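Visitor: I would like to go through this structure term by term, and to hear on what grounds each label is given. Could we begin with the model itself?

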Amino acid sequence: MGPGSETRKRTYTLTILSVIVTAIVTNTECRSVLSSEPSETSVSGDWDYLMFAQQWTQSFCIYHKQETKTRVVCRIPETVTTWTIHGLWPTAKRNPPTFCNNASTFDVKEVQPLLQDLNKYWPNLLNYNKYGIWQHEWMKHGTCGQNLESINSQYKYFELSLMLNKAFDISYALSTHGIYPSDEKAYPCDNIVNAMQDTFDTKVWPSLNWYTDKISGKKYLMQVSLCLGKDLVPQNCVKSSPCHANLDFFIPKITHD
């Protein structure tokens, strides 16, 4: 490893610390503008850790086209060129909580200052609802984290997700280890996981999800999930490596139809 790599590792460590501090410390200016504080009637489920899921949009669109019987088209916005956010999920070892506050509603005005970044790094790939993905993720998962200071409002929940996406930059981690999107070349699972562990300076195991193409048989890496404690310190998602012998993944090139 060269000096540049070590500098990048130190930068990631500092970034994570910055994420923790920024997320927890009260932002007085935002609080005066945004009103999405948890209501007295909100009920959050019991949970143990956060799962931060990032997805490769092209793999998702391949999956959507082959597996869903719907007229809804999967389209990747022109601004999307990297790994994007799927969600930030308060998760329990058993029976993960969902839809913890049915009285809550998603209000796009609450995240107005974040819209440019949300559109780029947490895009809505399906055209049925402009804000559909954010509404779904907030109602299903965000409402379950309202007992944690760093995500106890809509603004904080989406802001922290964006910050984590920048801190855990999968596109950078892979490219600096010679792993690039390709329709012809597959990469060993171990190489992909090692690239992330090395770049993020952590030995924790992520969770991987992939889709096997019904026509070609190619395995497309679709989602990488990192697990974090309530203090936002990375921890294992699985007990051991998610890779097994001869498991290779394609990361297909993004197309903007």
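Guide: We can begin with a cysteine: Cys189 has a relative accessible area of 1% and is buried. Please keep in mind throughout that this is a predicted model.

Visitor: Why is Cys189 called buried?

Guide: The term buried requires a relative accessible area under 20%, and Cys189, with 1%, therefore counts as buried.

Visitor: What makes Cys189 and Cys243 a disulfide?

Guide: The cut-off for a disulfide is a pair of cysteine sulfur atoms within 2.5 Å, and the sulfur atoms of Cys189 and Cys243 are 2.0 Å apart. The torsion about their S-S bond is about -70 degrees, so this disulfide is left-handed. The pair links distant parts of the chain, since Cys189 belongs to helix H8 and Cys243 to the loop between strand S6 (234-235) and strand S7 (248-249), 54 residues apart. Cys243, at 14% relative accessibility, also counts as buried.

Visitor: Which handedness does the disulfide of Cys227 and Cys237 have, and how do you know?

Guide: The torsion about the S-S bond of Cys227 and Cys237 is about 115 degrees, so that disulfide is right-handed. Its sulfur atoms are 2.0 Å apart, and it joins Cys227 in strand S5 to Cys237 in the loop between S6 and S7, ten residues apart. Cys227 is buried with a relative accessible area of 2%, and Cys237 is buried with 16%.

Visitor: How many disulfides does the structure hold, and what pattern do they follow?

Guide: The structure holds four disulfides, and when the bonded cysteines are counted along the chain the pattern is 1-2, 3-4, 5-8, 6-7. Among the four is the one that joins Cys100 to Cys144, with an S to S distance of 2.0 Å; its torsion is about 95 degrees, so the disulfide is right-handed. Here Cys100 lies in the loop between S2 and H4 and Cys144 in the loop between H5 and H6, 44 residues apart.

Visitor: Why is helix H8 described as largely enclosed by the rest of the structure?

Guide: Helix H8 covers residues 189-199, and eight of its eleven residues are buried, so the description follows from that count. The buried residues are Cys189, Ile192, Val193, Ala195, Met196, Gln197, Asp198 and Thr199. Just after H8, Asp201 takes a positive phi of about 55 degrees.

Visitor: How many aromatic pairs are there, and what makes the pair of Trp122 and Tyr157 tilted?

Guide: The count comes to twelve aromatic pairs. In the pair of Trp122 and Tyr157 the ring centres are 6.3 Å apart and the planes are 50 degrees from one another; a pair needs centres within 6.5 Å, and planes under 30 degrees apart would be stacked and over 60 edge-to-face, so this one is tilted. Trp122 lies in the loop between helix H4 (115-121) and helix H5 (132-140) and Tyr157 in helix H6 (residues 154-167), so the pair ties together parts that are 35 residues apart in sequence. At 0% relative accessibility, Trp122 counts as buried, and Tyr157, also at 0%, counts as buried.

Visitor: Why is the pair of Phe168 and Phe200 called edge-to-face?

Guide: The planes of Phe168 and Phe200 are 85 degrees apart, with 5.2 Å from centre to centre, and the label applies because the cut-off is over 60 degrees. Phe168 counts as buried at 4% relative accessibility, and Phe200 is buried with a relative accessible area of 8%.

Visitor: What makes Lys230 a residue whose charged end sits over the ring of Trp47?

Guide: The charged end of Lys230 is 4.6 Å from the ring centre of Trp47. The distance cut-off is 6 Å, and the charge must also be within 35 degrees of the ring normal. Likewise, Lys218 lies over the face of Phe250, at 4.7 Å from the ring centre.

Visitor: Which residues touch the most other members of the largest nonpolar core?

Guide: They are Leu118, Phe158 and Ile192, in a core of 63 residues, to which H6 gives the most, with seven residues. A second, separate core of six residues includes Tyr49, Trp89, Cys227 and Cys237.

Technical notes
Residues numbered from 1 in each chain as written. Predicted model: local features only at pLDDT ≥ 70, side-chain atom pairs only at ≥ 80, totals over all residues. Heavy atoms only, no water. Buried < 20%, exposed > 50% of the residue type's maximum accessible area, 1.4 Å probe, protein only. Helix = DSSP H or I, 4+ residues; strand = E, 2+ residues; numbered from the N terminus. Phe/Tyr/Trp six-rings, centres within 6.5 Å; stacked < 30°, edge-to-face > 60°. Core = buried A, V, L, I, M, F, W, Y, C linked by side-chain atoms within 4.5 Å.
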